[in-house]
Amino acid sequence: MSVDPSMRIEDKLYYNRYLVDVGRPHIKVRAHTEPSPQLLALLKACPARCYELNDKGKVEITVDGCIECGTCRVIGEPTGDIEWSYPRGGYGVLFKFG
Amino acid sequence: MIEDRFDAIVVGAGMAGNAAALTMAKRGMKVLQLERGEYSGSKNVQGAILYADMLEKLIPDFREDAPLERHLVEQRFWMMDDRSHVGLHYCSDEFNEQRPNRYTIIRAQFDRWFSSKVREAGATVLCETTVTGLARDANGKVVGVHTDRGDGEVHADIVVLAEGVNGLLGTRAGLRERPKPDKVALAVKEMHFLPRETIEARFNLEGDEGVVIEAAGTISRGMTGMGFIYANKECISLGIGCLVADFQRTGETPYGLLDGFKRHPSVARLIKGSEVKEYSAHLIPEGGYKAIPQLYGEGWIVVGDAAQLNNAIHREGSNLAMTSGRIAAEAIAQVRSRRAPMSAENLALYKKMLDDSFVIKDLKKYKDMPRLMHTNSQNFFVTYPQLVSRAMQNFVRVDGTPRTEKEKVTLKSFVNARSWIGLFGDAVRFARAWR
Ligand SMILES: Cc1cc2nc3c(=O)[nH]c(=O)nc-3n(C[C@H](O)[C@H](O)[C@H](O)COP(=O)(O)OP(=O)(O)OC[C@H]3O[C@@H](n4cnc5c(N)ncnc54)[C@H](O)[C@@H]3O)c2cc1C
Ligand code: SF4
């Protein structure tokens with residue numbers, strides 16, 4: 001059970017259908033100089049691996065693969081680290097099975 | 001485009017929202033239901049076991065055309081360590097009854113069907129519409145909603161919040177708290193497709209018979225959580241969920257956990273050769289009775305997961321959602337038939353009716369379980385499964401060691417790991433919480 005499977009998350013998301021609302025991300029990361037522990041936790045806790053550390057050591061989000069679970073909201077909204085909304089009606093992930 | 005005045009607005013077209021909208025529409029109320037997904041179900045994730053009784057109360061003849069997968073004749077519980085599982089199987093031919101008690105379903109398909117019944121009953125259902133805020137009058141009473149359609153406010157006598165566990169509206173409006181990391185679990189899930197015959201052979205099923213497996217143990221890596229494997233007609237729903245606070249604390253990844261579960265030898269043989277067609281994730285309310293928020297107020301009512309009405313111990317949620325939606329609708333209809341205003345005072349009827357139902361009675365019964373599980377996760381999810389597995393191995397394996405010696409070893413391993421006092425304390429705590 002020790003192989004790190006995180007490399008394959010992009011393949012997993014490839015199974016899903018999305019309607020991306022280009023240019024209107026529904027989640028935003030607040031500008032920061034140093035990421036808080038909560039922000040760093042999102043790098044691992046997000047099931048779609050939307051959060052990544054950029055080369056300046058800051059946490060960035062790309063919402064395209066977001067499955068709208070709300071985990072990052074529960075962790076990151078209370079500290080003000082992120083702003084969380086649902087995508088506009090009809091946009092985002094579209095589950096065929098759910 | 002939308003008329004601007006309704007008797008009731010229902011936010012969300014999941015299990016709770018559909019039950020509420022259907023019940024009110026059937027009673028002749030003018031209902032508007034708003035759903036952000038492309039269709040009802042396109043945003044929803046579940047295991048999924050459907051409990052027939054609660055649906056029958058809404059749609060008595062649902063078996064005629066609902067998209068059902070398999071009726072359950074068997075339930076398995078697995079306690080897992082890294083390479084083995086100790087299982088309890090309950091299988092009964094009595095479940096092969098005329099009107100089966102439980103079914104597996106595929107949520108996106110089921111919700112779509114459920115929604116068609118809501119429309120048939122006369123409600124106006126608008127999908128692809130995200131409700132962005134509650135409209136209030138000068139006294140703070142909820143009088144309608146704002147949507148992202150930009151049509152301004154839509155008004156109603158009552159707004160039913162059926163927005164699910166991650167409900168933004170109620171929390172933003174200060175009607176209840178945002179779910180906390182130790183009160184919600186994150187579940188990740190995949191759909192594995194296989195030929196029907198293969199599924200029936202691997203799970204030992206005939207025709208439309210179904211089986212579900214609930215699994216706990218080292219698969220959650222010391223976190224509070226469980227795995228599940230449900231047999232559908234031509235696919236297997238497989239997932240695992242743990243408390244968000246535990247993910248945060250341990251740095252385990254949800255997909256890492258799922259892959260570990262899939263690679264476990266007991267699981268791998270069930271899904272071998274399957275084609276995965278979807279990967280999803282969703283939160284589950286885990287706070288139980290003590291996390292239930294204020295359920296009603298001036299011009300609003302909250303139902304289902306948004307109100308934390310979820311029994312995590314028994315994996316029941318959609319039935320509590322359907323029932324709370326129906327009861328809320330019945331309470332609203334009663335207030336309306338008296339031509340009384342939708343005030344907090346009058347809507348207290350909802351709470352009273354809910355308290356008398358299995359929904360609150362069951363949640364009350366288990367009110368101490370969440371805390372016990374969360375504070376003892378290492379024992380319940382790692383130590384005990386390993387001990388039980390070792391004990392079984394010791395019991396089953398024939399290797400020339402005298403039986404009395406084997407039993408001594410087993411007993412000693414339990415006491416060494418947890419001490420007599422520890423074991424006794426856990427047993428008492430468990431019994432108390434269960435009572
Ligand atoms: C992995 C998993 C397995 C489960 N297994 C089972 C099981 O086997 N049996 C069982 O009974 N329960 C199970 N549950 C629990 C069950 O899924 C929930 O209890 C149930 O779905 C709750 O219904 P609901 O209507 O309250 O919320 P939901 O079904 O989540 O519906 C909420 C709806 O509101 C919509 N919405 C939210 N916000 C807005 C907005 N602002 N504007 C417009 N629309 C909005 C959403 O798109 C969604 O359609 C499981 C849950 C999970 C995650
Ligand atoms: S909502 Fe879920 S999937 Fe989307 S970014 Fe947040 S944690 Fe990731």
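This is a predicted model: local features need pLDDT of at least 70, side-chain atom pairs count only at pLDDT 80 or more; totals for chains, interfaces and linings use all residues.
Trainee: Which residues are the closest to ligand 1, and how many surround it?

Mentor: A residue is counted here if one of its heavy atoms lies within 4 Å of the ligand. In this model 40 residues surround ligand 1, and the closest are Glu35(B), Ile49(B), Arg107(B), Asp305(B) and Ser318(B). Residues from chains A and B take part, so the site is shared between chains.

Trainee: Which elements of chain B each supply at least two residues of that shell, and how is the shell divided by class?

Mentor: The elements are α1 (15-26), β3 (49-51), β13 (225-231), β15 (275-285) and α9. By class, the shell holds 18 nonpolar, 14 polar and eight charged residues.

Trainee: Where do backbone atoms lie 3.2 Å from a nitrogen atom of ligand 1?

Mentor: That distance belongs to a backbone N or O atom of Gly47(B), while a polar backbone atom of Arg315(B) is 3.5 Å from a nitrogen atom of the ligand. On the oxygen side, a backbone N or O atom of Gly317(B) lies 3.1 Å from an oxygen atom of ligand 1. Taken alone the ligand exposes 1000 Å², of which the protein buries 97%.

Trainee: Which residues have the most contacts inside the largest nonpolar core?

Mentor: A core joins buried nonpolar residues through side-chain atoms within 4.5 Å. The largest one has 76 residues, and those with the most contacts inside it are Phe62(B), Phe114(B), Ile301(B) and Tyr350(B). Helix α9 (residues 318-337) of chain B gives this core its largest share, nine residues. A second, separate core of 58 residues includes Val63(A), Val188(B), Leu238(B) and Ala281(B).

Methods: Residues are numbered from 1 along each chain as its sequence is written. Chains are lettered from A and ligands numbered from 1 in the order in which they are written. Side-chain values use heavy atoms; hydrogens and water are left out. Buried means under 20% relative accessible area, exposed over 50%, partly exposed in between (1.4 Å probe, protein chains only). Helices (H or I, at least four residues) and strands (E, at least two) are DSSP runs, numbered from the N terminus. A polar contact is a pair of N or O atoms within 3.5 Å; within protein, one must be able to donate a hydrogen and the other to accept it, and residues adjacent in sequence count only if both atoms are side-chain atoms. Accessible areas come from the Shrake-Rupley method with a 1.4 Å probe; for residues, only the protein chains shown count as cover. Ala, Val, Leu, Ile, Met, Phe, Trp, Tyr, Cys and Pro count as nonpolar, Asp, Glu, Lys and Arg as charged, and the others, Gly among them, as polar.
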